[in-house]
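User: I have a model open and would like to talk through parts of it with you. Can we go piece by piece?
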Amino acid sequence: MRPRVKQFFELLLTAIVYWSLAFTFFIFIRYYALDTEAGIVVDATMDVPFTQWMGFGVLLGVLIGFFYGLIEFLFDKFLLKRLNLGLSILLRTQIYLILLIVSMSLMSFVVEEEMDLDLPNERGWWRTSKVFWITVVYFVVSSLVFSFLKIAKERFGRESFLKLLIGKYRKPAEEERVFMFLDLKSSTTIAEKLGHLAYSKFIQECFLDLNLVLDAHSAEVYQYVGDEAVLSWSFKNAVKRNNCVALFFAFQKRLRKRAPHYERTYGHVPEFKAGLHGGRLIVVEVGSVKKELAYHGDVINTSSRIQDQCNVLGEKLLISKDLLENLELSSTYTERHIGNLALKGKASSLDIYALKKA
């Protein structure tokens, strides 16, 4: 499945589940006050089943969640680059208001039919309906929560974010992780040729292409430093399906596919080199302003030094022997032993291998 299609379905499923739970909860907290709402007439002799109201909450959540996920995806992937932030917020607000009006109008007809209730759903009913505007406020608050969770997941990665929520990293914790230092080849030459503005756009596009292959290979972005990206995996996710290696070649494939665009727009097709290493290190929350996760340990320094050797050796992907021995590479990959190298800043040498796609 193409990365963008996969991202769409993941966002759509997340939105449907989230809004189904959100509106089920909303119906739950308003259920017992239903017969006191202005404009709603309920037959006193009729027993309104609680489970049926919950079912309508789920149905409304699915309806809103589907269109919410679709709208968010379209804005994130296609419209945000063309609209300024203020216009984007204004346009989304109008779309979501229309979505709520249409969704709640449709649901009111369904509820009237199924439960023999008299609900205010004539044309323009929403202008004076307290229930509608309470729902709008609830929707806005819930949207902010959804956006916060989405941003936090993108910022820290799914696994790390969940651990942050339960406070695992408030005190230093030891973990086994794999790091990849991914660096643009000939960056200085390209920057001089393009100039600062065009070069910045060039790097931006490269990392957007990188982002499209992250989820498929369970990778998290630790840092962007200039023209370098530092990626991270839990050790389990790194070795699963050889994710840490497969990501590099998936990124290469993505860049080759878009080579005509890069050549036409920038006069240069990007090439990246990478170093891979894994091991135990310390993870901890740092800072109170712009709080982030920090990794402390020799693993990061070693991964960076391995990547530095790519230029020296003329290789695109170098990996430590320790990590390579934990992978089960198929015949689609070829490995070549580079040697036992003394890396800058390290007292002991390290066995390094070069990897290529067969």
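User: Which helix is serine 303 found in?
Analyst: Serine 303 is found in helix α11, residues 298-313, where helices are DSSP runs of H or I with at least four residues, strands are runs of E with at least two, and both are numbered from the N terminus. This is a predicted model, in which local features need pLDDT of at least 70 and side-chain atom pairs count only at pLDDT 80 or more, while totals for chains, interfaces and linings use all residues. Residues are numbered from 1 along each chain as its sequence is written, and side-chain values use heavy atoms, with hydrogens and water left out.

User: Is serine 303 buried or exposed?
Analyst: Serine 303 counts as buried because its relative accessibility is 0%; buried means under 20% relative accessible area, exposed over 50% and partly exposed in between, with a 1.4 Å probe and protein chains only.

User: And what does serine 303 touch?
Analyst: Leaving aside residues up to four places away in sequence, serine 303 touches Phe179, Phe181, Gly275 and His277, contact meaning heavy atoms within 4.5 Å.

User: Which strands pair with β1?
Analyst: Strand β1 (residues 173-184) has ten of its twelve residues buried. β1 pairs with strand β4 (residues 272-286) in the antiparallel sense over twelve bridges, and seven bridges join β1 to strand β3 (residues 228-234), also antiparallel; two strands pair if DSSP finds at least two bridges between them.

User: What stands opposite alanine 173 and aspartate 183?
Analyst: Alanine 173 stands opposite valine 283 in β4, whereas aspartate 183 stands opposite glutamate 228 in β3.

User: Switching topic, at what angle do α6 and α7 cross?
Analyst: The axes of helix α6 (residues 187-194) and helix α7 (residues 196-214) cross at roughly 130° and come within 6 Å, so α6 is oblique to α7. Axes are lines fitted to C-alpha atoms, for helices over the stretch in contact, and angles run from 0 to 180 degrees between N-to-C directions; those under 35 degrees count as roughly parallel, over 145 as roughly antiparallel, 65 to 115 as roughly perpendicular, and the rest as oblique.

User: Which residues meet there?
Analyst: Ser187, Ile190, Ala191 and Leu194 in α6 meet His196, Ala198, Tyr199 and Phe202 in α7. The contact residues of α6 with α7 divide into six nonpolar, two polar and no charged, with Ala, Val, Leu, Ile, Met, Phe, Trp, Tyr, Cys and Pro counted as nonpolar, Asp, Glu, Lys and Arg as charged, and the others, Gly among them, as polar.
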